Amino acid sequence: MARFRRKSFCALIALALAVFIITVILKSLSPEDNNFGSQFALRLIPPSRQMEQDNNVVVSAKPAQMIPAEKADRMENKMQDFPEPNYNVHVFYYVWYGNPQFNGKYFHWNHSLLPHWDPKVASGYPSGRHQPPDDIGANFYPALGPYSSRDPLVLEEHMRQLRTAAVGVLAVSWYPRSMNDDNGEEIDNLLPLVLDAADKYQLKVVFHIEPYKGRDDANMRENIKYIVERYGNHPAFYRYKTSNGKFLPLYYVYDSYLQMPDVWAQLLMPNGISTIRNTPYDGIFIALLVEERHKKDIQTAGFDGLYTYFATNGFTYGSSHHNWRSIKTFCDYNDLVFVPSVGPGYIDTSIRPWNSQNTRNRINGKYYETSFNAAVEARPQIISITSFNEWHEGTQIEEAIPKTWGKTVYLDYLPHKPTVYLEITQKWARKFSEEQKKWLE
């Protein structure tokens, strides 16, 4: 009998232990505690990207994740430390720089010395290439050194500087897939990183389409279609609000005069063979104005506006400050967007040693202030800045530092700080915003 009680007692203990173990297991699988229902787990499980992969769409180069409320608050507070971005101030931005760490070798910092078109003149000037990191193809030296545009820390710092300057939009120099300029490498595959970096700082991105080989109406249509389908859903992709309330992508078309007006008309006029009008790929196309006669060509071609690009007052009809008011009048009469381009100065003798006559001295920031003032007085819809980082032509507002290498003494921003041109930009971005509000009253 005693043996039977011991067996019964052991059986009860075993049963109780089994019930306890099963309860613990079921508890661990309950909906309120399993990882699929927790905020932490959601951060670990990337959302489905099948739609993006099927359509080759870039919504973001980074996998989406849940952002903790505390981190989101910190980001919000960080943005509040910056001035409001002015989305009517655009800056031309170049991503063609490379160095051995990120690209395997230097790109653009080792720019060649370009010969003069007259052999007799060319013979009197040096030739060859620059040899970074101390000898670079620029008259100023960047505070970040000869960086790579693929360096995430560089992109982050650039966006911080731009946001500090109250700029709202980057106009990124762009070549189609598998194409590049003579001194660089493919740019298109870098765009997802640029868009993500811009979005982090609440900046927007437009495409500054370069004069790639064979550019015509047909392949321009295909390239615009590619841009919209691949990048159009990204939150940093800029759209311009038109007079009839539509929001359309905006494109700057560099050296647009290289193609005849009738070629552009096939793309930009409603009855053109390759027309993009009234399609999902329609946009605001801004042509480059160089000579006065180009105004009529731009209108005939079907462009939506014009910009002046060059930071050299007096170099071209379009870049001459005293012409901006009359150009704005022409644009108003023909329902065109006018985008004057301001700049802090110009010097390109590090790559064109024979071109000193086109140098425009910065005069410790006065040249830039004068340029901005002329642009604001013309009452444009948008002001563009040439440039954030076109170091070869000395038009950059990016931070620069003093540097001496051998007999070479680089120019700098002294007696001001390296941030002086960002500070001037912020000042005029704010003033431009205030003036635009007055014009609408």
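Predicted model: local features only at pLDDT ≥ 70, side-chain atom pairs only at ≥ 80, totals over all residues.

The side chain of Arg-160 forms a salt bridge with Glu-399, with 3.7 Å between the closest N and O atoms. Glu-399 sits in the loop between S11 and S12 and Arg-160 in helix H7, so this pair links distant parts of the chain, 239 residues apart. Glu-399 is buried, at 13% relative accessible area.

Arg-160 also pairs with Glu-157, where the closest N and O atoms are 2.7 Å apart. These two residues lie three apart in helix H7, about one helical turn. Shared partners join Glu-157, Arg-160 and Glu-399 into one network.

The salt bridges number 16. One of them is between Arg-150 and Glu-185, at 3.1 Å from N to O. Arg-150 is in the loop between strand S2 and helix H7, and Glu-185 in the loop between strand S3 and helix H8, so the pair ties together parts 35 residues apart in sequence. Arg-150 is partly exposed at 21%, and Glu-185 is partly exposed at 23%.

## A buried glutamate without a salt bridge

Glu-390 lies in the loop between strands S11 and S12. Glu-390 is buried but has no salt bridge; Arg-352, the nearest side chain of opposite charge, is 6.5 Å away. A polar atom of the Glu-390 side chain is 3.0 Å from the backbone nitrogen of His-392.

## Packing of H10 and H11

Helices H10 and H11 pack at about 35°, with axes 8 Å apart. The contact residues include Trp-264 of H10 and Thr-300 of H11. By class, the contact has five nonpolar, one polar and one charged residues.

Definitions and conventions: Residues numbered from 1 in each chain as written. Heavy atoms only, no water. Axes fitted to C-alpha atoms, helices over the stretch in contact; angles between N-to-C directions. Helix = DSSP H or I, 4+ residues; strand = E, 2+ residues; numbered from the N terminus. Contact = heavy atoms within 4.5 Å. Nonpolar A, V, L, I, M, F, W, Y, C, P; charged D, E, K, R; others polar. Buried < 20%, exposed > 50% of the residue type's maximum accessible area, 1.4 Å probe, protein only. Lys, Arg positive; Asp, Glu negative; His and termini not counted. Salt bridge = Lys/Arg side-chain N within 4 Å of Asp/Glu carboxyl O. Polar contact = N/O pair within 3.5 Å; in protein donor to acceptor, adjacent residues only side chain to side chain.
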